Amino acid sequence: MKIAIVGAGKLGNKLAKALLSGNQSITVIDVNEDRLQKMSSQMDIMTITGNAKEISLLKEMDIDTYDYLIAATSRDEMNMTIATFAKSLGCNIVMARVRDPEHVNQLDFIKKTLSIDYILNPDLAISDEIYKYLVNKYSLTNGIFGSGKTRILEFSAKKIPSLIDKTVSEFPSLFPNMLIVAITRKGKVIIPNGQETISEDDIIYIIGTVREVQRLHEKVYEKKKNFDIQKAMIIGGGKTGYYLADKMSKKGIAVKIIERDLNRCRYLAEKLENVLVLHGDGTDADLLIEENIDVMNAFITVTGYDEDNLLLALNAKRRGVDDVIAKVSRDIYTDLVSHLGVDIAINPLDIVTSNVAKLIQGKKKVISNQVILGQAEITEIFAHNSMKITNVPIMDLDLPKGVIIGSIQRGENLIIPKGNAIIKGGDRITIFSLLSSVPEMAAFTRMPDRS
């Protein structure tokens, strides 16, 4: 499969690394030769230096032989133009990154008019995940999710003291026919191996049969606080801050945005209704105190600087804010989250890359999909004999790190798999995966192309 990526920035780089794991042929196009050289020294890709908006370049590279083109430059209009040109010249499927809020209410029209198959918007994607966490979590009254014969239960480890300091591999001996498939620890999601030790403050996700999970639920059920989030402070009035403030204000939440760019403040004040826009530096501790950070239900940092976001989130958590969320764009900071005590750190590039990988590497058999804290996902699929995941013992599959097979439903029978279990065509399987591992995992569940 041939894939062209236009733009060698953060998103283009992330997409190239992710899609290479599926054994695709990747070509990256950019006007910046230094960026391309750096990428080609790290990955087995083809590079083309030039402007993909030039039809002559697209023709020279035989864009009509490509299965996908992803336009991921920093400019919306350029992305839309490149995608449209590529489609007109015969590329099978085209995607364009479109981030500007001005376009959000007309995306369907843009896609139809410009013949763009998919729109990618990292800022909108991350704001959706933050919103779901802050608003929807208060409606999850019992922590049980389910489909088919399986049930997934979320509960605090401290509800069962005998679990504390036990390893994940010891869990089945205490609770047969169930499996720990994920742990959230101080804002970080962990897909555990058998040696992972359970801590008192962990939130545990287990999977099992309806009957067994229901029995455990009766022991650990804790009625959640019945309140709505009322006040939120957002640091950073960029695109993510805009989308999030818009969603939350329409929910009736009192939102304050602090933004250091005066012109951007004017834009936000003009476009957003029922949102208090403040011109100031979000790193100014005195300003945060003056604006009543201590009475906020939620504090979200979405500036363009990972370091500022994490430090501000840490400060808010220390001041007792209930829900603290930080946007991070570099993988190097992911492991810091569990040490800082931040509730969630979300990487928008992981979310978009995961979505693209699923689109490209096949989702024909996907039954359902649910994201956990913007960092991991639960996916149910129907297995097919042509998938790499079938007809081989799970222990021999060499699955990516951060992936676990939670259950196999075969007809009326539910299997909580061990290493020697084999997935067969027609099985309904539940997969838990970190978003960063989704692209690699997609290669195991990809359906063969039929052309």
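Which residue's side chain meets that of Arg185 in a salt bridge? The partner is Asp202, with 2.8 Å from N to O. A salt bridge here is a side-chain nitrogen of Lys or Arg within 4 Å of a carboxyl oxygen of Asp or Glu. Side chains of opposite charge can pair when their charged atoms come close.

A word on the source. This is a predicted model, in which local features need pLDDT of at least 70, side-chain atom pairs count only at pLDDT 80 or more, and totals for chains, interfaces and linings use all residues. Residues are numbered from 1 along each chain as its sequence is written, and side-chain values use heavy atoms, leaving out hydrogens and water.

Go back to the pair of Arg185 and Asp202. It links distant parts of the chain, 17 residues apart. Arg185 sits in strand 9 (residues 178-185), while Asp202 lies in the loop between strand 10 (188-190) and strand 11 (203-209). Helices (H or I, at least four residues) and strands (E, at least two) are DSSP runs, numbered from the N terminus. Arg185 counts as buried because its relative accessible area is 17%. Asp202 is buried too, at 1%. Buried means under 20% relative accessible area, exposed over 50%, and partly exposed in between (1.4 Å probe, protein chains only).

The whole structure holds 17 salt bridges. Another of them joins Glu291 to Lys256, with the closest N and O atoms 3.1 Å apart. Again the pair links distant parts of the chain: Glu291 is in the loop between helix 12 (285-290) and strand 15 (298-301), and Lys256 is in strand 13 (residues 254-259). Both residues, Glu291 and Lys256, are buried.

Now look at Arg319 and Asp294. Their closest N and O atoms are 2.7 Å apart in a salt bridge. Arg319 is in the loop between helix 13 (306-318) and strand 16 (323-327), 25 residues from Asp294. Arg319 is partly exposed at 34% relative accessibility. Asp294 is partly exposed at 42%.

Next comes the nonpolar interior. In soluble globular proteins, nonpolar side chains tend to be buried together. A nonpolar core is a set of buried Ala, Val, Leu, Ile, Met, Phe, Trp, Tyr and Cys residues joined through side-chain atoms within 4.5 Å. The largest one has 73 residues, and Ile70, Ile300 and Phe432 have the most contacts inside it. Helix 7 (residues 122-136) supplies the largest share of this core, 8 residues.
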